[in-house]
Amino acid sequence: MEVNESNSPLTEIPEANAPETLVPTDESTSSTTYVPKQTKGEIIERLVEINQDACLADKQEIDLLKQTFYKLLKTEREAELKSFIEQGGKPEDYIPSKNDCESIFKEILGKIKDKRTTLNAELEQEKEKNLQRKLAILKKIEELVDTSEDTSKIYNEFKQLQQEWNEIKLLPIGKINELWKSYQLYTEKFYDMVKLNNEFREYDFKKNLEQKTHLCESAEKLMEENDVVSAFHQLQKLHQEYRSIGPVAKELRDGIWARFKAASSIINRRHQKYFEELKEKEQNNLDQKTVICEIAEAMEYDSLKTFADWEEKTQEILALQAKWKTIGYAPQKMNVKIFERFRAACDEFFNRKTAFFKTIKETMSANLEKKRALCEKAEALKDSTNWKGTGDILVRLQKEWKTIGPVSKKYSDNIWKRFISACDYFFEQKNKATSSLHNVEVENLKKKEAIIKQLTELEGTGATDEETTEKVRELTKEWNATGHVPFRDKDRLYDEYHQLTNSLFSKLNISASEKKLSSFKSRLSKGNNLYRDRERLMRNYENLKNDIQTYENNLGFLSSSSKKGSSLVSDINRKIEHLKRDMELVIKKIEAIDEKLKEA
């Protein structure tokens, strides 16, 4: 650290019999205000300027430029990552692009560091030389005190020595007080020895008193300075000036020094309190970041079995990262360590996630090959006229299809359409060839017309008792159990039936879910598209289940203590109940399809 008498850390300068020192504080805590740089280019330009005159470089400004540069670099990389993800990329595949500015930035910083290292070494040598020069001046003043030569001659020589003393600035910090006290001692001895006439002596003391009074007033103004760190460093300059001013009248020495010391003590205490509060705040930040690290490190990876599990935990990790960004710096000695700990926990999570998705992709790829093999088998059989044997084989293939796990969304629809198209083609050809079904359809037509007749009679009575409700349900069940009718009568019967059931349901207050279920059952056929409908319903069921779980998880993060929070909790509870009713209806529809499949 560079130290000289004009900018040294605060050390109060006593008069001959004043208290010796106040506690010094490291000048690296200075909060000198710099003009902020907005771009990396501006930062590099400023570093180039600093490099041209490294002897005037300020460490705090260099640290601020370095911090700002890496914040800008981090912001660019976050934007680059966001763009990469928006274009379809995955976070784990992102590789930051090469940044030439960073290489230039590090190169210039290295040059500045080398120059400052050399400069500091030269300054240390200069300080040692200055120390020897001041010791020589003290020796000469001591000799003047013991001389018996003419007063006017030695006084002029003494003034020259004083001027030479004040021109020497840089000194080892540990020697400043000792030298100053020796200097004051010999100076006072000199004045006493030469016994200057009262008029000249009083004039010198008066001038010194005016200067020291002005310094006291300046110090007292600094007590109200908002920037306590700036006030502290301005006080150093005032102490240096105080140190360079000669003594005042003996009866005023203690008073003027006490006034200057009192203002200095207040500024010192404010400065110390500022850094104590800063230290406390940084410790609090460290505690918060430690808790975040513990949460990230406590991740139970064995419980993450599905895409939804990993996605839920990913959102938790991202939330922790967002929270981390809102917390300020930790103490300097721990700031890097705590960040590396959190980054290690995040890296562990995303590495495990990448490994999981890689395994899932391999499994899906194997499932795709199995389903392609089934497609090839179904396509090879679709033109067969062995209705019974081939039909049984295709049904077995459909059952086997259901046992194979999922494939990538990219292929799922196409591979399913390929398989079901081959199956549907065979069964359509089979239906055309099986004309005996026509008689069955005519018989079904008669049954459904009889059901419509009974429903019409019930609707005409206007009865709403339990017996009527039960009769409607029995007729609805009988309708759903009755098979296909001739195609030309299908729409007519459907419209008549639903007009009657809707009217009866409304009068009998039968729930909307039962209406929907009844309508769904009436549209079911015994064809092979039942498997496709069932798979669609299963996907719907899983989606509803995930939505319910998401809302229930969200409830855990909400508080009902406020009016707004209570309203939000109620809304989510209503949504959950609505989703549960929808899920129950889907389950009943799946059960209805399973019954049809058993009949087939």
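The side chains of glutamate 102 and arginine 77 meet in a salt bridge, with 3.3 Å from N to O. A salt bridge is a side-chain nitrogen of Lys or Arg within 4 Å of a carboxyl oxygen of Asp or Glu. This pair links distant parts of the chain, for glutamate 102 belongs to helix H3 (residues 100–146) and arginine 77 to helix H2 (residues 59–86), 25 residues apart. Glutamate 102 counts as buried, at 14% relative accessibility, whereas arginine 77 is partly exposed, with a relative accessible area of 28%. Here buried means under 20% relative accessible area, exposed over 50%, and partly exposed in between (1.4 Å probe, protein chains only).

The structure is a predicted model, in which local features need pLDDT of at least 70 and side-chain atom pairs count only at pLDDT 80 or more, while totals for chains, interfaces and linings use all residues. Residues are numbered from 1 along each chain as its sequence is written, and side-chain values use heavy atoms, with hydrogens and water left out.

**The chain as a whole**

The chain has 18 helices and zero strands. Helices (H or I, at least four residues) and strands (E, at least two) are DSSP runs, numbered from the N terminus. Of the 600 residues in the chain, 35% are buried. Among contacts with a separation of 6 or more, 80% are accounted for by residues 24 or more positions apart; contact means heavy atoms within 4.5 Å.

**Helix H11 and its surroundings**

Helix H11 (residues 387–403) has 17 residues and reaches 25 Å from its first C-alpha to its last, close to the 24 Å expected at 1.5 Å a residue. The expected span is 1.5 Å times one less than the number of residues. Which residues of H11 are buried? They are Thr390, Gly391, Leu394, Leu397, Gln398 and Trp401. Seen down the axis of H11, these buried residues fall within an arc of 120 degrees, so they line one face of the helix. The arc is that of the directions from the helix axis to the C-beta atoms. On the other side of H11, Lys388, Arg396, Lys399 and Thr403 are exposed. The cover over the buried residues of H11 includes helix H10 (332–381), helix H12 (409–433) and helix H17 (529–555).

**Nonpolar cores**

A nonpolar core is a set of buried Ala, Val, Leu, Ile, Met, Phe, Trp, Tyr and Cys residues joined through side-chain atoms within 4.5 Å. In soluble globular proteins, nonpolar side chains tend to be buried together. The largest core in this model has 32 residues, and those with the most contacts inside it are Ala378, Leu394, Trp401 and Phe419. At least two residues of this core come from each of H10, H11, H12, H17 and helix H18 (563–599). H18 gives the most, with nine residues. A second, separate core of 22 residues includes Leu286, Ala296, Phe349 and Phe357.

Alanine 378 touches Leu394, Leu397, Phe419, Ala422 and Cys423, when residues up to four places away in sequence are not counted.

**A buried lysine**

Lysine 371 is found in helix H10. This lysine is buried yet has no salt bridge; the nearest side chain of opposite charge, glutamate 535, is 5.2 Å away. For charge, Lys and Arg count as positive and Asp and Glu as negative, while His and the chain ends are not counted. Leaving out residues up to four places away in sequence, lysine 371 touches Trp401, Ile404, Gly405, Val407 and Ile415.

**Further salt bridges**

A search of the whole structure finds 20 salt bridges.

| Pair | N to O distance |
|---|---|
| Glutamate 316 and lysine 313 | 3.5 Å |
| Glutamate 535 and arginine 539 | 3.4 Å |

Glutamate 316 and lysine 313 both lie in helix H9 (residues 307–326), three residues apart, about one turn of the helix. Glutamate 535 and arginine 539 both lie in helix H17, four residues apart, also about one turn. An α-helix has 3.6 residues a turn, so residues three or four places apart point the same way. Glutamate 316 is partly exposed at 32%, and lysine 313 is partly exposed at 22%. Glutamate 535 counts as partly exposed, at 27% relative accessibility, and arginine 539 is partly exposed at 45%. Elsewhere, Glu449, Asp489, Arg492 and Glu496 are linked in a network of salt bridges.
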